[in-house]
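Keep the viewer open as you read.

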Amino acid sequence: RVIVHVDLDCFYAQVEMIRNPELRDEPLGVQQKSIVVTCNYEARKLGVKKLMAVKDAKEKCPQLVLVNGEDLTPYRETSYKVTELLGEFCPLVERLGFDENFVDITEIVEKRLNQLQQSGCSGVCVSGHVYNNQPINLQDTTHVRLVIGSQIAEEFREAISTRLGLTGCAGVAWNKLLAKLVSGTFKPNQQTVLLPESCRDLMRSLDHIQKVPGIGYKTAKRLETLGVRNVGDLQALPSASLEKELGVSIAQRIQKLSYGEDGSPVTPSGPPQSFSDEDSFKKCSSEAEVKEKIEELLPNLLERIHKDGRQPHTVRLSIRQFSSTDRWFNRESRQCPVPPHLLQKFGKESSNVISPLVDILMKLFRKMIDVELPFHLTLLSVCFSNLKALPSSKKGSIGFYLKQMSPPSSSGK
């Protein structure tokens, strides 16, 4: 197999910088309770670290700008957009938290390899770094397949950057464990491919057993009682001792992991829980402009919902308002159910839905803003959520999907 692990850089901070571009050059931290859960690279240069106490972070960097990250909605929505985008390339995409995805690109690699062999072209060059600077042997098909994988990983990162404005790292290897471990070798916004000959070095480079994905805190503590602190210790431990402490199946799984062996498949995650789109701008200060922005956002959203095939039962409008008195930004959202008579029109008569949806969203807008007074908005976001499958006689039926299927399926749905 050829697996790509895509890991977005300082994800929450990136989402905040996209939502509010004025924060881009500031040292920025995202705060949840009294912890800085992540920070951008500007802040990292000044000594702020992930999961630092706010008090300590402020001491390290007095000019640190903090944004409240308690509401996960914007991060969740952006995360699903990334998974959805990767799904356009390949159906085998598995989410891991908000900021990581595994993609099994074996099939795409095979196709490209066949095309290369048919064209008689041997010139493939690697994209990004090779772990350990190991030389590539173009006579070795395994090497060539991983090199092609690195080119596809570059395409993923390029698409995420161009279409969503996000940067990230990628790791390319032949299983999930190794792809995840190698993806963080060069940061930020870089990628690394692992060749089989360097697997041992990568595993031995982990200074603590808990750095191995799949070995959690409790297991690590039990291993420490056996004198196991790093991967070398685990590899050297007799199987019998490990099986006695952890039981046969866990012991065997963990020992395989210590050698970089991982047979777990990339399991496609479920469909997104919401669809949203937003627009940020320097200033929007009239009802007419707000209406125009909403009208611009809806067609693309309705198209995505139509492709998905489920009906959204909730619509939400979010705004970001700039206050000239305290020179800061305030976010607010309002949502309401989608009226039943409109639900029937989703997907087949999208153009007939736009006007009534605009009316609904403008009502939500007026609940947040007194239009009689001056206002200054810098962002508008429309989100459809609470997605439910259509009755089986319609779009959700097997018959419908069989009719819709066109090889090869590019949407991955």
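This is a predicted model, and the protein chain has a mean pLDDT of 89, with 92% of its residues reaching 70 or more. The stretch to watch is residues 393–413, where the pLDDT is below 50. Even so, leaving aside near neighbours in sequence, that stretch has 22 contacts in the model.

Now zoom out. Along the principal axes, the C-alpha atoms of the protein chain fill a box of roughly 75 × 60 × 45 Å. Of the 413 residues, 47% count as buried. Take the contacts between residues at least 6 apart in sequence: 65% of them join residues at least 24 apart.

Next, pick out helix 4, which covers residues 73–89. Its 17 residues reach 25 Å from the first C-alpha to the last, close to the 24 Å expected at 1.5 Å a residue. Where does helix 4 sit relative to the rest of the structure? It is largely enclosed by the rest, because 14 of its 17 residues are buried. For a helix in general, residues three or four places apart point the same way, because an α-helix has 3.6 residues a turn.

Most residues other than glycine have a negative phi, and most peptide bonds are trans.

Start with Cys 10, which has a positive phi of about 25° although it is not a glycine. You'll find Cys 10 in the loop between strand 1 (3–8) and helix 1 (11–19). Is Cys 10 buried or exposed? Its relative accessibility is 8%, so Cys 10 counts as buried, the cut-off being under 20%.

Asn 132 also isn't a glycine, and its phi is positive at about 65°. This residue lies in the loop between strand 8 (129–130) and helix 6 (141–164). With a relative accessible area of 45%, Asn 132 is partly exposed.

The last stop is a peptide bond: Lys 187 and Pro 188 are joined in cis, with omega at about -15°. Pro 188 belongs to the loop that runs between helix 7 (176–183) and strand 10 (191–193).

Methods:
Residues numbered from 1 in each chain as written. Predicted model: local features only at pLDDT ≥ 70, side-chain atom pairs only at ≥ 80, totals over all residues. Heavy atoms only, no water. Helix = DSSP H or I, 4+ residues; strand = E, 2+ residues; numbered from the N terminus. Expected span 1.5 Å × (residues − 1). Buried < 20%, exposed > 50% of the residue type's maximum accessible area, 1.4 Å probe, protein only. pLDDT = per-residue confidence, 0-100. Contact = heavy atoms within 4.5 Å.
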